[in-house]
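Here is a friendly briefing to read alongside the model. Please have your viewer open as you go through the points below.

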Amino acid sequence: MRLDDIKKMVEKDIVIDPTELDKEAIKTPQLHGKYLNLLTDAKLTLSKYSSDYKRLRKTKWLYYTGKLSQEELKELEWEPFELSILKTDIEKFLESDEDLIKIKDKIVFIEEKVNYLESTIKMISNRQWLIREAIDWIKFTHGT
């Protein structure tokens, strides 16, 4: 699910109808579960991409250091790396590798999604307190 879609959902779900505080209080656990499921999925996806990144980074390191066999190169459909580079320069090649950058961009996006969902769950947890405060305010203003 895209982050924009989640933001739109949160915008709609987080609203508390002051005329139906009882229903809003009952709705809180459902909202918590909904966003907890999304958070869990995002964390699992983040873990997968992080593992993929580490595996690809190792393979790219082998590639740039000339340690991949001809069979491995053929299997990966990569051309042999013709340059001879210093060990100190390998990091520069890894940092600028397009395949690694693509996975890293996905990781950053999913990390933002995880952070947003964690913040949303904190907001949802605070709903109960806000609802209780609203009820107390109504009681106070009505003299009960």
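Asp97 and Lys60 form a salt bridge, with their closest N and O atoms 3.2 Å apart; a salt bridge here is a side-chain nitrogen of Lys or Arg within 4 Å of a carboxyl oxygen of Asp or Glu. The pair links distant parts of the chain, since Asp97 sits in the loop between H4 and H5 while Lys60 belongs to helix H2, 37 residues apart. Bear in mind that this is a predicted model, where local features need pLDDT of at least 70 and side-chain atom pairs count only at pLDDT 80 or more, while totals for chains, interfaces and linings use all residues. Residues are numbered from 1 along each chain as its sequence is written, and side-chain values use heavy atoms, with hydrogens and water left out.

**Salt bridges**

- Asp97 is buried, at a relative accessible area of 5%, and Lys60 is buried at 5% (buried is under 20% relative accessible area, exposed over 50%, partly exposed in between, with a 1.4 Å probe and protein chains only).
- The whole structure holds 12 salt bridges.
- Lys43 and Glu118 meet in another one, at 3.5 Å from N to O.
- Because Lys43 lies in helix H2 and Glu118 in helix H5, this pair ties together parts that are 75 residues apart in sequence.
- Lys43 is partly exposed at 41%, and Glu118 is partly exposed at 29%.

**Helix packing**

- The axes of H1 and H5 come within 11 Å and cross at roughly 10 degrees (axes are lines fitted to C-alpha atoms, for helices over the stretch in contact, with angles from 0 to 180 degrees between N-to-C directions).
- H1 is therefore roughly parallel to H5, a label for angles under 35 degrees.
- On the H1 side, the residues in contact (heavy atoms within 4.5 Å) are Leu3, Ile6, Lys7, Val10 and Asp13, and their partners in H5 include Phe109, Tyr116 and Leu117.

**Nonpolar core**

- The largest nonpolar core has 25 residues, of which Tyr35, Tyr63, Trp78, Val114 and Leu117 touch the most other members (such a core is a set of buried Ala, Val, Leu, Ile, Met, Phe, Trp, Tyr and Cys residues joined through side-chain atoms within 4.5 Å).
- Helices H1 (3–13), H2 (21–64), H4 (90–95) and H5 (98–141) each supply at least two residues of this core; helices are DSSP runs (H or I) of at least four residues, numbered from the N terminus.
- H2 gives the largest share, 10 residues.
- Not counting residues up to four places away in sequence, Tyr63 touches Leu68, Leu73, Trp78, Glu79, Pro80 and Phe81.

Conventions:
Angles under 35 degrees count as roughly parallel, over 145 as roughly antiparallel, 65 to 115 as roughly perpendicular and the rest as oblique.
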